[in-house]
Amino acid sequence: MKAVVCTEGRLSVAELPAPSPARGQVLLDVTRTGICGSDLHARHHADLVADMAVEAGYSDFMRMDQQVVLGHEFVGTVAEYGPGCRKRWPVGTRVVALPTIKVGNEPQLVGLSERAPGSYAEQVLVQEAMAMPVPDSLSDEEAALTEPMAVAWHAVRRAEIPRGRTAVVIGCGPIGLAVIAMLKASGVKRIVASDFSAARRELARTMGAHIVVDPAQQQPWDAYPPDRHEMRSVSDLLTLGVDSMTKLARVPGPVPWWRIMRLAERLGQTPAGPVVFECVGVPGVIDQLTTTAPLRSRIVVVGVCMERDSFLPAMAGNKEIDLRFVFGYDPSEFHDTLHMMARGKVDVKPLITGTVGLAGVDAAFDALGDPEVHAKILIDPSSTASAP
């Protein structure tokens with residue numbers, strides 16, 4: 001079969017042996033696959049990521065000197081079952097799958113391990129237990145985005161956004177745009193998006209942002225009136241404390257003031273900032289956010305920063321910033337994402353800005369460096385297109 005092989009940062013089309021499904025595996029004919037930001041990182045920084053992965057407990061992440069077939073966002077049709085499968089769907093059925101497969105007794109990341117070739121190819125192996133049929137209402141192009149949209153859905157769920165709170169998305173690349181779509185789907189009433197790129201700001205509005213901001217001109221929290229309980233400075237919080245105690249001291253009756261304060265906490269009537277999604281992934285952004293965000297903001301770090309970074313803990317502490325990091329998704333979130341898209345609750349079509357064949361993957365990687373032109377480029381292994 002034909003596949004795109006990555007080694008020493010170079011991408012080239014090669015003829016490889018056709019994969020054969022082992023026990024519990026299904027062979028898919030790939031119809032569409034997406035180019036992920038993780039692929040862009042892995043192309044040139046695989047050794048750095050692999051070293052980090054070893055420390056986290058996964059020793060088979062791809063290395064620069066290996067020959068690896070990338071690709072972990074995909075849709076395909078069932079071509080062949082391996083032994084021990086339930087054969088849940090007829091040959092030809094369209095499916096998506098979580099990109100994790102058992103090789104022997106060890107789990108491997110499909111498309112990010114030499115031992116589990118990915119979907120930049122005519123065929124890919126998946127675990128039958130991790131596959132799900134694609135509803136008829138979804139096109140191949142839309143279904144291929146199930147995996148990255150599941151990443152965004154997991155981030156939104158982990159954020160636990162209280163009713164009425166503002167969501168602020170910093171960075172409107174593919175993952176930031178996906179987060180905006182999922183925030184809209186979850187019913188958030190005010191979504192603020194911030195990006196230097198005019199094209200990305202416009203796409204953010206299309207995906208569901210209510211307010212878009214150019215950070216060169218304005219801080220995102222200055223683009224909307226504060227929520228009722230939002231505090232912009234420590235002075236505001238201290239003033240609130242004094243004024244509240246003055247009022248509580250005048251309240252007659254048998255209920256003491258401290259019980260009234262605890263009741264207000266339970267009812268969500270205490271100071272709280274917006275929920276901020278960091279979707280940039282470059283050094284300095286977390287420090288900037290902890291410094292400038294309103295008091296008691298919740299910062300959810302979705303962007304993948306591959307370098308050492310630092311921030312001032314005392315600043316985050318004084319402002320009681322809640323800092324959360326997210327990664328991946330679970331199978332139920334993957335399933336939910338697929339069916340949210342199928343029901344029309346999430347529209348991913350505006351994210352797709354180009355398609356190439358296997359011969360055009362190298363050009364597609366270069367094209368993704370221009371935020372004014374592309375968001376999500378898909379690969380169609382049957383296409384001869386050499387540019388998106």
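## Aromatic pairs

In this predicted model, phenylalanine 334 is buried, with a relative accessible area of 1%, which places the residue under the 20% cut-off that defines burial. The structure holds 2 aromatic pairs. One of them joins tyrosine 120 to phenylalanine 365 in an edge-to-face arrangement, with 6.3 Å from centre to centre and 85 degrees between the planes. This pair links distant parts of the chain, since tyrosine 120 lies in the loop between strand 8 (106–109) and strand 9 (123–127), whereas phenylalanine 365 belongs to helix 11 (residues 361–367), 245 residues apart. Both tyrosine 120 and phenylalanine 365 are buried.

Phenylalanine 334 forms an aromatic pair with tyrosine 329 that is tilted, at 5.7 Å centre to centre and with 40 degrees between the planes.

## The buried side of helix 8

Within helix 8 (residues 285–292), the residues Val285, Ile286, Leu289 and Thr290 are buried. They lie on the same side of helix 8, because the arc that they cover around the axis is only 130 degrees. The elements that cover these buried residues include strand 11 (167–170), strand 14 (275–278), strand 15 (298–301), helix 9 (313–318) and strand 16 (322–325).

Helix 3 (146–159) and helix 4 (174–185) each contribute at least two residues to the lining of the largest cavity.

How values were computed. Residues are numbered from 1 along each chain as its sequence is written. This is a predicted model: local features need pLDDT of at least 70, side-chain atom pairs count only at pLDDT 80 or more; totals for chains, interfaces and linings use all residues. Side-chain values use heavy atoms; hydrogens and water are left out. Helices (H or I, at least four residues) and strands (E, at least two) are DSSP runs, numbered from the N terminus. Buried means under 20% relative accessible area, exposed over 50%, partly exposed in between (1.4 Å probe, protein chains only). The arc is that of the directions from the helix axis to the C-beta atoms. Contact means heavy atoms within 4.5 Å. Rings of Phe, Tyr and Trp (its six-membered ring) pair if their centres lie within 6.5 Å; planes under 30 degrees apart count as stacked, over 60 as edge-to-face and the rest as tilted.
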